[in-house]
Amino acid sequence: MRQHQSILEYQSGRYLWLSLGLCALAIGAYVWHEPPTVGLSPYGGTWLGYTLGTVGAVLILWLMLLGVRKRRYRSSMGSVQGWTSAHVYLGASLVVIVSLHSAFEFGWNVHTLAYVLMLLVIASGIFGVYAYLHFPELMTKNLSDETLEAVLLKIADLDRKCRTIALDLPDEVNLVVMKASRAKARSAQIGSSLRRQLAGEAVRCPTRDACDALLRLGAKLTGEQAVLNGQLLTAMTRKSLLIDRMRRDLCLRARLRVWLLMHVPLSFALVAALIAHVVSVFYYW
Amino acid sequence: METLVTYVSINQRGQAQREQRRVAGALLILGRGTQCQIHLPDPRVALNHARITVTEAGAAIEAEPARVVVNGREVGGARLSVGDRIEIGPYIVQVEAPPAGLPLALAVQLSGSLTSKGSEFFRRVRLRAPQISKRRLSYLAFFGVLLLFLAAPMSPDLLKGTALPLTDSRPGMWEEMIRTLGTSFAQTWNPGPVSRSHQVFGKDCRACHQFPFIQVRDLACIACHKTIKEHVPPVELTGAHGIAFLETRCAECHLDHKGKQMTPRAQEQCAQCHRDVKSAAPKARSENVTDFASDHPRFRLSLLDADRPGVVRRVRQGDAASGEMVERSNLKFNHALHLDPAGVRDPKGVRDAAGMRDARGHRKVLTCASCHEPEEGGRLMAPVSMERHCRQCHSLAFEPTVTLRQVPHGSEKEVATMLREFYARLVLGDAPPDVKPPRELPRMRPGAVLGYEDRQRALQIADQKAQRVLRELFETRGVCSTCHHVTGGSGAGWEVAPVLMARVWMPGALFTHAKHSAQSCTTCHDVRGSSDARDIAMPGIAKCRECHVGARAVLGTVTSDCATCHKFHAGRNYWHGAVQAQMLPRGAK
């Protein structure tokens, strides 16, 4: 047995086939079904429309239950991996089922709002699948066999080393090093806002600035100081490289998390819109 | 081969403590992995960071792809000699002088604290990671949407009858505000534009949707559509389809919120009963049908007999064996004669519209449109009128040498009365200026005073003259009998057989002549060879099928479902009569 199996390959794609079957069934019924009133396009109020709507609503409520199931560690109701696989495939099949339920009738109303919210939830979910399948590999590659903690400790060590070396160098060099160090301590060089973390780049990285400055200042130094400055530059460059790796790790971590910030609240908005949709349809029947 | 490894640690009093171990083997692996011979537990150290190969000749360190610092220089590998200082992460490995018999001795020492400064920094980085609560966002989204799109549209109904705060200070203001807001938000529930005729209701959903969670009821429709007729009397319906038909609401066929029109074209629904119509309505007289193209029965014509007024003969085309396919209108008319391409004789040489005579002089070419004019609205043809169409040629002049006056058309009695009065006036010496009195009539001397007997005699003469003229009209000259059957004689008076002509031959069909104006008349009604007025020139179903197919579209033809030609609400009674009676104002029909 393989060590790792992606949720997409769970039980050789059992839920993929289930979803495809569901979609094919829905499309077939839609094509075969003729609305009772000739000359009108199909709509949500025919028997097929109600059926597709019910299937869609039940699916949405069940998909929401993944959030409950994954927190029930002692539950034996299927594995979380199976649930997630079904969640992904059945969730994607909603695009077909609910589009057919809507019969492609859209307007500025609560019904289309529910539809659009559903599409947004599915889109964020698809990004989530991509993120979960893609980013961990990049993160492992980025940190090789180190942990973020190890990288941070190494940065701290290099920082200490830089400051030690800089003590024997002119004030301007020392200032550059201290500046980079303080900035590091404030974490300003690490993408601090969510937007910066997602972008993965600092507009001005103080350590990289310090490297440039050391290169420039080093040209004026001679003798022992030049050798020290060379060592300082090496350490600062290594620190800069480590910081880049750390920043990339944080960026990937943020991207790995951020879609859920959309996916979960939007899905709750979707359930609310779904309730409003169902009530409104039968309230003004 | 063995190596002496000394682990140096500093105790609480700051004294160095040395713990010695002997490690067997020619290869020593340094790393944080627990299987390493020299275990350096720290995250900065790689799992298998470096290898030291020990031989009789000496030892060498190798650290690919990681790197080690040997005597302050960062290298990938180096030969080791006594006194060398190797730095790996926070650890310092010192090469010491080995005791006798051993090739290598190493001292391992931790240079500083393991994680003190780093962990603080690490915590800061973690703290800077996004800390947005999914839970809070979810609550916000869920209840936000519910408030705007569920509670707000329902608010006018929910708050109906409840005492609202602040109502005493400004009575009605809050209700008004909530009602306005609620009505506006209720528009977000509208699934699509209502039909054009229903746009008059504006935002008043309750005009049709009278009660929450109850489907739109017929009562709401009938409130306006008071005179809508039922399809078939409910008492005549039986069977599953019949009962289902009875229970069908207006809105099941007439769907609104679908854009401009809401007239159903529900061939499939018609066919549910009309596939086997007797099973749903045993009294039905129509034949089974599902589609015009495939199984529509031949047309039935409604024929009239002038001699049996009030009786409508329904004769199906093609049932010629019955010999009933004639119209007994009591008229004489020869279509072939009138439509002679060379024209008809024009007694008065009537000029045409441009004031020019026909090239042949006294002949006039007639077309269908000379007599058959469409009715206003274009659906039916207007009845042919003696006054407007026939009289131009067929004059009713009774004595052309005396006067151009004509007898009235339509009543034998009026003809007789008119003639008696006319001649009496002449005999009594009161001839109008346009009349040249005939010589055979005795004339009174102007100013003569007549006695009773003279007057009686004069009137008798006038009556005799009138009688002669009547005989000429009805018998000898055949003025009336050109077109009519005339019976009787001078004794009891002449009688013209009553005339009755069908105006609508197929009353069940919604045929509109105007919509077929691209076709010529003779496409469907070819009467050019007909010399008998009893002939019928109604087209058969095959003629219609030349253009019209059924509900399934066929390229190059006209798609035609039931509703193309038939009206659904064509019954005699109002829709759901019992309900209707309550809805209608008193006295309304």
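**Chat about chain B**

Q: How do β17(B) and β18(B) pair?
A: Bear in mind that the model is predicted. Strand β17 of chain B (residues 486-489) pairs with β18(B) in the antiparallel sense, over four bridges.

Q: And how many residues sit between β17(B) and β18(B)?
A: Three residues; the two strands form a hairpin.

Q: Which residue in β18(B) is the bridge partner of B:Gly489?
A: That's B:Gly493.

Q: OK, and where do the side chains of β18(B) point?
A: They alternate along residues 493-496.

Q: Switching topic: where does B:Gly182 lie?
A: In helix α3 of chain B, which covers residues 173-186.

Q: Why does B:Gly182 count as partly exposed?
A: Because B:Gly182 has 18 other C-beta atoms within 10 Å, and buried would take 20 or more.

Q: What is B:Gly182 in contact with, leaving aside neighbours within four places in sequence?
A: B:Ala152, B:Pro153, B:Ser155 and B:Pro156.

Q: What separates B:Gly182 from B:Cys221?
A: Their C-alpha atoms are 25 Å apart, and the two residues are 39 residues apart along the chain.

Q: Last one: how is chain B divided into domains?
A: Domain 1 is 2-114, domain 2 is 137-189, and domain 3 is 196-297 + 561-581. The C-alpha centres of domain 1 and domain 2 of chain B lie 76 Å apart.

Note on methods:
Residues numbered from 1 in each chain as written. Chains lettered and ligands numbered in written order. Predicted model: local features only at pLDDT ≥ 70, side-chain atom pairs only at ≥ 80, totals over all residues. Buried ≥ 20, exposed ≤ 12 C-beta atoms within 10 Å, placed from the backbone. Contact = placed C-beta atoms within 7 Å. Pairing = 2+ DSSP bridges. Domains from an automatic or database assignment.
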